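Subject: Structure for your files

Hello,

Here is the structure I promised to pass on. Please have it open while you read the notes below it.

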Amino acid sequence: MAFLELTVLNNEPTPIVGIDLGTTNSLVARYRDGRPEILKPPGHSGTVPSAVYFAEGEEPRVGTEARLHAIADPGNAIFSFKRFMGRGLKEVASDLSSVPFPAEENQHGVVAFNVRGTRYTPQELSARVLRQVAAVAGEAIGSHAPLTAVITVPAYFDDAQRAATRDAARLAGIEVARIINEPTAASLAYGLDLKAANEGKEGGHTIAVYDFGGGTFDVSILLIEDGVFRVLATNGDTHLGGDDLDRVLVDLALSELTEKENLLTAEDAADPTVRQALRLASEKCKMELTNNPVGELHFTFPDLEINWRRDVTREEFETLIKDVLMRTLACCRSALADADLVASDIDEVVLVGGTTRIPSVRKLVESFFGQKPHVELNPDEVVALGAAIQAHILAGGTRDILLMDVTPLSLGMETMGGATSKVILRNSPIPCQHTEGFTTYADNQSGIEFNIVQGERELAKDCRSLGQFKLTGIPPMPAGMPKVAVRFSLDANGMLTVTAKEETTGNLAEIVVEPMNSLTDEELEGMLMESFENAKSDFEASRFAGLITELGTMLQASERGLRTGSDKLDAETIDELEEAMQAARDARVLKDVGRLKEVEAIRDAFELATLPLAAVLMDSVAKSALSGKSLNDI
Amino acid sequence: MAECSHCNEVLASPLACGGCESIFEASSTLSPFEVFGLPLTARLDPSSLRKKLLQLQRLLHPDFHGAAGKVIQGIAEHNTAEVNAAFELLQDEALRAGWIVEYLGGPSKSSERHMPLDFLVEVMEWNETLEELKGEVDKDTAHKELNELKAVLQIQRAELIENTLDNLEAKLRKAPNAPDLADIRRELNAVRYVDRALSEIASIELALAN
């Protein structure tokens with residue numbers, strides 16, 4: 001019964017979904033019928049490329065279309081912005097040199113890209129991608145209610161980068177149920193099968209997740225025991241990914257084009273359009289090398305009359321990328337050391353991220369861990385699938401699985417002399433809390449300033465400062481007398497809250513540490529106001545898309561219904577229904593959101609016209625269910 | 001162990017009931033042993049400690065209280081943090097022993113910084129070897145010697161820990177010949193020196209591998 005099904009579908013509470021907000025692509029998945037599945041509306045791959053294109057005088061385009069414009073109109077198509085999340089301009093200098101769009105910094109040190117005279121922060125751009133992801137989810141589920149989601153981040157993301165991700169979701173109108181780490185999510189997706197294979201193994205079994213994506217690298221070591229996925233250690237580099245492998249080929253092409261062949265002047269080589277064309281040629285060559293022993297590096301640039309080709313063999317490519325790959329192994333060694341394990345202790349290895357498709361990456365991982373890694377699940381989808389499992393857990397769907405994660409970086413405070421005093425050590429399980437005592441160093445000192453830092457370096461200036469605050473109102477006392485307790489709390493998202501309390505007076509300074517390089521509340525408010533203004537048109541567009549889908553479903557159901565039930569309807573009713581169906585068919589090809597009201601009216605009229613048919617069908621269903629039973633049995 | 005105020009089941013921990021799955025706000029500061037519902041002992045079985053961790057986290061973890069109100073979620077988060085902290089301490093023999101020394105009124109690691117005298121000479125020898133190995137150019141030699149030193153240190157550590165735990169057990173059952181708590185602390189300081197040398201070895205090995 002199509003109509004009944006429709007009603008049931010619409011009344012279903014919107015589930016919590018899992019979103020993988022990637023450097024290159026973003027995906028959404030949900031848990032259903034005992035398995036996670038990638039949400040793909042009919043005729044759509046479900047993948048939203050993480051790119052935004054700002055066309056002159058038009059609405060910005062997000063996703064595939066934006067990716068296409070990156071070649072023709074490089075300065076106005078922004079991509080790889082995940083690399084800039086929660087970062088200051090100084091920290092991203094090397095990333096900026098490899099993208100064809102300029103960046104500046106706003107007054108709070110947040111990176112912003114200047115496109116056609118307007119500044120966009122990575123948070124806002126990510127929000128646009130997330131909105132598109134939400135639209136994809138909405139279309140696949142058939143509901144455009146606001147989404148609640150588990151969103152994944154690289155395990156090695158620090159507090160500022162996590163906060164930026166959370167802000168992006170807020171701007172997109174998505175409620176964040178939890179932020180989880182990408183490799184941990186992947187382990188959940190694989191874990192369902194690995195769990196069965198290792199059921200009952202004494203002491204649990206260990207897995208290593210090697211997650212090499214477009215812009216980030218993570219490795220996590222987990223112990224799975226009785227359905228509990230406990231992260232023992234994690235390590236990584238938030239500036240190491242497939243992009244870096246492309247860059248190796250860009251450098252190769254540049255050096256040959258400028259020095260060896262004199263086809264390109266230094267000035268042309270610095271041109272963003274040339275850079276972008278080289279980057280795309282390199283990416284293509286890299287992908288060819290994944291499936292073939294030789295890849296072609298083909299760079300055409302008609303404006304400069306360049307049409308240059310060069311073969312790159314796998315061996316040559318392997319030599320070129322060796323240094324980059326060695327950096328991933330250094331992370332693996334550190335993670336193993338922190339977990340107090342050696343490579344041969346690992347029971348299973350799992351590969352995640354598009355970059356792990358490269359044969360030499362697989363070979364390297366295999367020889368490092370001494371075993372064939374798991375590649376059964378699509379490395380591009382596994383993170384979103386895992387996020388959907390976590391969403392299912394948070395929605396109360398199961399208590400069989402539990403994720404216990406850790407914080408990737410130590411947290412501490414700057415002490416006198418600029419050293420770091422660590423309060424929470426890296427790889428501590430989260431959530432966690434820790435209190436540290438402080439006192440004054442001068443008589444009658446009325447306040448203490450704190451600089452909260454994250455990182456492993458000995459000097460505070462080499463770590464990332466998450467924020468500074470001052471506890472004031474300490475009563476006059478000799479130096480060393482006041483007792484100040486500073487409490488660090490990391491929640492299950494790995495995000496920090498700090499409170500300070502002077503214990504002799506009970507003076508409390510509750511500080512939610514807003515990390516440096518993050519949006520202020522006022523900025524967020526301002527952006528939210530703007531997005532509300534846009535939200536009306538966004539909402540109408542998604543409502544329109546939803547209506548078109550709904551009309552399609554109703555048409556199919558009516559056609560099917562008419563085949564079985566038309567003999568029980570009078571001619572007039574059938575005529576009315578067929579008229580409504582034709583109107584619906586005509587409406588389905590409309591592309592103009594401005595005619596939303598009209599389409600809504602057509603849908604409502606259609607629904608009214610189907611009521612007699614629905615009644616007849618209901619009746620026959622009821623009869624067949626009751627056939628063969630006497631009235632007394634009912 | 002106390003009983004659950006809701007279902008009268010014997011409590012797995014003051015923080016949660018395994019019978020009715022209620023979670024509770026601790027009325028006072030709990031010791032790591034209390035959090036895990038364990039009696040105060042110097043030795044613990046690592047496997048059952050891990051099982052207990054999993055049991056408690058299954059009851060307490062905020063993931064399982066997503067639908068509950070803010071208050072319950074806050075308690076879940078706080079309690080999970082308590083269990084995590086207690087586990088980190090209990091699973092580490094040296095940390096656990098140090099905690100018991102202080103609990104029994106003995107010196108903290110900052111108030112008693114000495115270590116057994118005969119141990120001092122050995123520490124100086126190890127440091128010398130390590131300094132030499134840092135400058136070793138031949139990787140194979142460096143690996144071999146680092147491994148040898150590591151083996152020596154690991155044996156040394158195991159002996160120190162066994163001895164400390166024996167002494168603490170004697171202290172806990174108030175044996176007349178039990179050593180002074182300050183002596184036990186000095187022994188634990190020796191463990192810290194061994195650990196420092198071991199982590200030094202680990203970082204030299206990492207540097208060599210990379």
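Read along the sequence, chain B of this predicted model runs α-α-α-α-α-α-α. That is seven helices and zero strands. The radius of gyration of chain B is 22 Å, while the globule rule gives 17 Å for 210 residues; the value is well over the rule, so chain B is more spread out than a compact globule. Its C-alpha trace spans about 65 × 50 × 30 Å along the principal axes. Of the 210 residues in chain B, 27% are buried. Among contacts in chain B with a separation of 6 or more, 61% are between residues 24 or more positions apart.

Next, the contact between the two chains. Chain B contributes 20 residues and chain A contributes 23 residues. On the chain B side, α2 (46–60), α3 (70–90) and α7 (181–209) each supply at least two residues. By class, that side of chain B has nine nonpolar, seven polar and four charged residues. Where does α2(B) lie on chain A? It lies across β14, β15 and β19 of chain A, and runs at about 115° to β19(A).

Those three strands belong to an open sheet of five strands in chain A, with the order β18-β13-β14-β15-β19 and mixed pairing. Its edge strands are β18 (348–352) and β19 (402–404), each of which pairs on one side only. From one strand to the next, the twist averages 25°. Within this sheet, β14 (residues 217–225) and β15 (residues 228–237) of chain A pair in the antiparallel sense, over nine bridges. In that pairing, F217(A) stands opposite D237(A) in β15(A).

Chain A also has an open sheet of three strands, ordered β6-β5-β7, with antiparallel pairing. The edge strands here are β6 (61–62) and β7 (77–79) of chain A, and each pairs on one side only. Helix α2 (residues 64–72) of chain A packs on this sheet and touches β5, β6 and β7 of chain A; the direction of the helix makes about 70° with that of β5(A). Please keep this helix apart from α2 (46–60) of chain B, which is on the side that touches chain A. Three bridges join β5 (residues 51–53) of chain A to β7(A), and the two strands run antiparallel. The bridge partner of A51(A) in β7(A) is F79(A).

As for the domains, chain A is divided into five pieces:

- domain 1 covers 15–182
- domain 2 covers 186–238 + 335–382 + 396–404
- domain 3 covers 242–320
- domain 4 covers 411–519
- domain 5 covers 539–626

The centres of domain 3 and domain 4 of chain A, taken over C-alpha atoms, are separated by 49 Å.

S98(A) has 18 of them within 10 Å, so it is partly exposed. Between S98(A) and L320(A) there are 18 Å in space, C-alpha to C-alpha, and the two are 222 residues apart in sequence.

Regards

Terms used: Residues are numbered from 1 along each chain as its sequence is written. Chains are lettered from A and ligands numbered from 1 in the order in which they are written. This is a predicted model: local features need pLDDT of at least 70, side-chain atom pairs count only at pLDDT 80 or more; totals for chains, interfaces and linings use all residues. Two strands pair if DSSP finds at least two bridges between them. Helices (H or I, at least four residues) and strands (E, at least two) are DSSP runs, numbered from the N terminus. Two residues are in contact if their C-beta atoms, placed from the backbone, lie within 7 Å. Axes are lines fitted to C-alpha atoms, for helices over the stretch in contact, and angles run from 0 to 180 degrees between N-to-C directions. Domain bounds come from an automatic or database domain assignment. Ala, Val, Leu, Ile, Met, Phe, Trp, Tyr, Cys and Pro count as nonpolar, Asp, Glu, Lys and Arg as charged, and the others, Gly among them, as polar. A residue is buried if 20 or more other C-beta atoms lie within 10 Å of its own, exposed if 12 or fewer, and partly exposed in between; C-beta atoms are placed from the backbone. The radius of gyration is taken over C-alpha atoms; the globule rule is 2.2 Å times the number of residues to the power 0.38.
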